[in-house]
Amino acid sequence: MKIRAIVLFGTVAAVCLVLLTLQMRGNTAGASDVLAVVTTPIQSALARVNRTTVGVWSTYREWKNVRAENHRLREEAQRLRVEALTVSETVEENQRLRRLLALKEAMPLATLSGEIIAREWGGWVRSLTVNRGRADHVARLTAVIAPAGLIGRVVDVRPGASIVQVLTDPASTVGVVVVRTRTQGIVEGEPRGTLRLKYMARDGSGIQVGDLVVTSGGGGLFPRGIPVGRVRVIDDRGSALFHYAQLTPAVDFARIDEVLLIVGEGAHDVAALFPGSGD
Amino acid sequence: MRTFVAVAVFGGGIAHATLGPALRIADVAPDIPLIVVVLLALRRGPEFGCGAGFAAGLLQDAASGGLLGVQALTKAIIGFGIGALGGRLRVSQPLVQVPGLVLLTIAEGLARFSLLKLFRFPAPFGELMTYVVLPQALYNGFLGAALGLALAWAESTRTRTS
C-alpha cells in the first residue's frame with residue numbers, strides 16, 4: 001500500500017480526534033458554523049424539493065383511482081382533483097398555521113415560529129433542523145413546542161438554523177408529572193424511538209394506561225404543563241423501588257412541519273393552553 | 001465523472017438528513033453516505049475511500065447536529081479499509097454485496113458506539129444494535145446491492161454505446 005494513503009488516513013484520524021476533543025472542551029462554534037454555512041442553504045433547498053416531490057407523488061396516487069372512467073370524464077376529474085388537492089392542502093396548512101398562531105398568541109412567553117427543514121431519524125440521534133438560528137436570537141436549550149405538546153430543546157444554534165433534540169433522542173431527558181396523580185418522574189428517549197417514564201416513586205403512584213404526562217417545570221428549562229405523552233404500557237417490576245412506563249408521544253415528530261420556539265424566560269404554567277392538560 | 005463523484009459524496013452527506021426520512025421503512029432509514037463511500041472505495045482505492053468517507057461523514061455530522069468527527073472517522077476507516085482490501089475481494093455478485101454491506105454497517109455501528117462511549121453516549125448497546133444498527137444493516141445491504149447493480153448496468157450500457 002502506498003505511504004501516501006497511510007499518511008492521509010493518519011491525518012484524517014488525527015483531525016477527527018482533535019475535532020472531538022475540542023468539542024468535549026466546548027470549542028465547537030467555529031467548525032460547526034463553517035459547515036452550517038454550506039449545509040443550511042442546501043438543506044433548505046432539498047427540503048423544498050422533497051416536499052414538492054412528495055406532493056406530486058401523492059397527486060399521482062390519487063389520479064390512479066379514476067383510471068376506469070372514460071376519457072372526457074377522466075380529464076375533467078383529473079383537473080378537478082388537482083384543484084381540490086391544492087385547495088385541501090392549502091386548507092390543511094391553513095388549519096395547522098391557525099392552531100400554531102392561536103398557541104403563539106395565548107402563550108404568556110415570547111415565542112418564535114419556525115419551519116422544519118431537515119430531520120435526522122437514524123436512532124443514534126433524533127433531531128430536527130429548524131430554519132431559525134443565531135440571527136433570530138435563538139439560544140441553546142430553547143424549548144420547542146407544537147400545538148399538540150412538547151417537541152424538545154435546541155442543542156445547537158447556527159447562523160441560519162438550529163438543531164432541535166427531539167424527546168425520543170436517546171440522550172434526551174425531561175422532568176415530568178402525571179397529571180391525574182401528580183406523580184413526578186423523568187421521561188427519557190429510547191433508541192427505538194419511544195419514550196420511557198422512569199423513577200416514579202412506587203408508593204402512591206397509581207398511574208393507569210392513558211394517563212397524561214406533562215412537563216413538571218422543574219429546572220426552569222421547560223414551562224410547566226406542556227403535554228409530553230400518554231401512558232401506553234406500565235412496566236411493573238415487582239418489588240422494585242420505582243415504577244416505569246412506556247409513553248406514546250403527544251406529538252407525531254415525523255409529521256410535524258411548523259414549530260414554536262419559546263424564546264422568553266420565566267416560570268409559567270401553560271397547561272391551560274393545551275386541551276386535556278388539566279385532566 | 002469527477003463532478004458526479006463530488007456530487008455523490010457532498011450531496012449524499014447533506015441529503016441524508018433531509019431526504020433520508022422519505023426512504024424510511026418501518027422507521028428504519030438507510031445510511032446512504034455509507035453505501036456511496038463503500039461503492040467509491042471499491043472502485044477508486046483506499047486514498048479516495050478515506051477522503052470520501054471523511055467528507056461524507058463530516059457533512060452528516062454537521063447536518064444531524066451530532067458530535068463533529070464521529071461519523072467522519074468511522075466512515076473514513078470503512079472507506080480506507082474497503083479501498084485497501086477491495087482488490088483482493090470479489091464483490092461483483094449481489095450474494096456477496098448484501099452480506100458484505102450488512103457486515104460493514106454493523107462494523108461502522110460498533111466503531112461509532114465505541115467512539116461515542118468515550119464521550120459518554122448514554123444509549124444501551126443491546127437496544128442500539130437491535131433497533132437501530134441491525135435493521136439499518138439489512139436495509140443498507142439490499143439497497144447497496146441494488147445501487148451496485150444499477151451502476152454496473154449503467155457502465156455496461158455506456159461501454160456498448162461508445
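In chain A, β9 and strand β10 (residues 227-235) run antiparallel and are joined by three bridges. Within this pairing, A:V214 has A:P227 in β10(A) as its bridge partner. The model described here is a predicted one.

On another side of the pairing scheme, β9 (residues 212-215) of chain A is joined to strand β6 (residues 173-178) of chain A, again by three bridges and in the antiparallel sense. Here A:V178 is bridged to A:V213 in β9(A). β10(A) also pairs with strand β11 (residues 242-249) of chain A, antiparallel and over six bridges. In that pairing A:L247 of β11(A) lies opposite A:V231.

| Strands | Bridges | Sense |
|---|---|---|
| β6(A) and β9(A) | three bridges | antiparallel |
| β9(A) and β10(A) | three bridges | antiparallel |
| β10(A) and β11(A) | six bridges | antiparallel |

What do the strands of chain A close into? Six of them form a barrel, in the order β6-β7-β8-β11-β10-β9, with antiparallel pairing. From one strand to the next, the twist averages 40°. In general, strands of a sheet pair through backbone hydrogen bonds, and the sense may be parallel or antiparallel.

The loop between β6 and β7 (184-189) of chain A holds A:R182. Its phi is positive, near 60°, and the residue is not a glycine. Is A:R182 buried or exposed? A:R182 counts as exposed because 10 other C-beta atoms lie within 10 Å, and the limit for exposed is 12 or fewer.

B:D27 sits in the loop between α1 and α2 (32-44) of chain B. With 14 other C-beta atoms within 10 Å, B:D27 is partly exposed.

The remaining topic is the interface. Chain B places 38 residues in contact with 43 residues of chain A. On the chain B side, the elements that give two or more residues are α1 (2-19), α3 (46-64), α4 (70-85) and α6 (125-161). Which of the elements gives the most to this side? It is α3(B), with nine residues. By class, the side of chain B that touches chain A consists of 27 nonpolar, six polar and five charged residues.

How values were computed: Residues are numbered from 1 along each chain as its sequence is written. Chains are lettered from A and ligands numbered from 1 in the order in which they are written. This is a predicted model: local features need pLDDT of at least 70, side-chain atom pairs count only at pLDDT 80 or more; totals for chains, interfaces and linings use all residues. Two strands pair if DSSP finds at least two bridges between them. Helices (H or I, at least four residues) and strands (E, at least two) are DSSP runs, numbered from the N terminus. Two residues are in contact if their C-beta atoms, placed from the backbone, lie within 7 Å. Ala, Val, Leu, Ile, Met, Phe, Trp, Tyr, Cys and Pro count as nonpolar, Asp, Glu, Lys and Arg as charged, and the others, Gly among them, as polar. A residue is buried if 20 or more other C-beta atoms lie within 10 Å of its own, exposed if 12 or fewer, and partly exposed in between; C-beta atoms are placed from the backbone. Axes are lines fitted to C-alpha atoms, for helices over the stretch in contact, and angles run from 0 to 180 degrees between N-to-C directions.
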